[in-house]
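Trainee: I am new to this structure. Could you show me how to read some of its features?
Mentor: Gladly. Ask, and we will go one feature at a time.

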Amino acid sequence: MRVLVTGAAGLVGSAVSRLLADSGYGVVGTYRRHPSGPVPGEAAILDILSGGHQGLVSLGTFDAVVHCAAALPSSLVGPEAERVAGYNMEIDRLIAAFAGATGADVVFASSSSVYREQGGGESTALDDGNPYSLSKIAGEKVMEEAAERAVSLRICAPYGVGQRSRTVLRIFIEKALAGHPLQYHGSGRRSQAFVHASDVAAAVEAALRLPVSGPFNIAGSRCVPMKELAHLVVDSIPGCASVVEPSGKEDPQENYRGCFDISRAARLLGWAPEVTLESGIVEMAEAIRQG
């Protein structure tokens, strides 16, 4: 099977490319600039938006496209969020049109942010109340309409080695390595079900291999409050002397519980997260320490 992986330099895209190449797939990954080191499979230097349909066609034909390329806004609302959403939706339309024209299946890296409420399964009401969520909902729809077979993986809080975005987990690990206090906002009850990038890649491989379609929640099996996460980071890193303390600031997402039902993925993909949060933290800390 020949597979195009967009956004192959990103956290999820790189994990997907490695696993698929190791599993015997013919992998071609898109990169906006030349990668600094060796990459799994073939590297295609392509800015999807500027290259357009012809740029994608020049890469050849594929059995499937794993679409991970996307920009992340620093905030879910405001002018930047709207600009990024428009950028992502245009890329999604190009990928969907390419897949539709060539008969390729699509696995789309969506997000658990599409949900209006937390805790439910894939039939939970969707939330188009902010540009990022709206763009992911639109991305899922355009893939389903264009491709012969489309799978949307609604990924919750992915993390792992190579993560460049400074999410709360990376920030906590960096502070712990420096011996600085780890501060949580509000009561520290805001929760997320972090999922390791290699577990996301395993879900992608199963979606390519099995005759499934539609959305799947891809999340960790533990929903961890921010206060507990801070203590977990301190306890997982050997010799860490950092303290955990409140920041004194309110958390605008105090009541958020990023916990999602992953039973559909277990039933139809045979998938479950395997990397424990503790081991993932140790792995990330070592990678950050080594630079």
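Trainee: How many aromatic pairs does a search of the whole structure find?
Mentor: The search finds 3 aromatic pairs. Keep in mind that this is a predicted model.

Trainee: Why is the pair of F62 and F98 called edge-to-face?
Mentor: Look at the planes. Planes over 60 degrees apart count as edge-to-face. The planes of F62 and F98 stand at 65 degrees, so this pair is edge-to-face. The ring centres are 6.4 Å apart.

Trainee: Where do F62 and F98 sit in the chain?
Mentor: F62 is in the loop between α2 (48–57) and β4 (64–67). F98 is in helix α3 (residues 79–102).

Trainee: What about the rings of Y159 and F194?
Mentor: Their centres lie 6.5 Å apart, and their planes are at 85 degrees, so this pair is edge-to-face too. Y159 belongs to strand β7 (residues 158–159). F194 is in the loop between β9 (191–192) and β10 (195–196). The pair therefore ties together parts that are 35 residues apart in sequence. Y159 and F194 are both buried.

Trainee: Which residue lies over the face of F216?
Mentor: That is R264, at 4.2 Å from the ring centre.

Trainee: How are two packed helices described?
Mentor: By the angle between their axes and the distance between the axes. Take α2 and α3. Their angle is about 0 degrees, and the axes are 10 Å apart. The two helices are therefore roughly parallel to each other. Among the contact residues are L49, H53 and L56 of α2, with Y87, L94 and F98 of α3.

Trainee: Is helix α6 mostly covered or mostly exposed?
Mentor: Mostly covered: 10 of its 13 residues are buried. V200, V204 and L208 are among them. Helix α6 covers residues 197–209. From first C-alpha to last, α6 reaches 19 Å, close to the 18 Å expected at 1.5 Å a residue.

Trainee: Where is A157 found, and is it buried or exposed?
Mentor: A157 is in the loop between β6 (150–155) and β7. Its relative accessible area is 17%. Buried means under 20%, so A157 is buried.

Notes:
Residues are numbered from 1 along each chain as its sequence is written. This is a predicted model: local features need pLDDT of at least 70, side-chain atom pairs count only at pLDDT 80 or more; totals for chains, interfaces and linings use all residues. Side-chain values use heavy atoms; hydrogens and water are left out. Rings of Phe, Tyr and Trp (its six-membered ring) pair if their centres lie within 6.5 Å; planes under 30 degrees apart count as stacked, over 60 as edge-to-face and the rest as tilted. Helices (H or I, at least four residues) and strands (E, at least two) are DSSP runs, numbered from the N terminus. Buried means under 20% relative accessible area, exposed over 50%, partly exposed in between (1.4 Å probe, protein chains only). A charge sits over a ring if NZ of Lys or CZ of Arg is within 6 Å of the ring centre and within 35 degrees of the ring normal. The expected span of a helix is 1.5 Å times one less than its number of residues. Axes are lines fitted to C-alpha atoms, for helices over the stretch in contact, and angles run from 0 to 180 degrees between N-to-C directions. Angles under 35 degrees count as roughly parallel, over 145 as roughly antiparallel, 65 to 115 as roughly perpendicular and the rest as oblique. Contact means heavy atoms within 4.5 Å.
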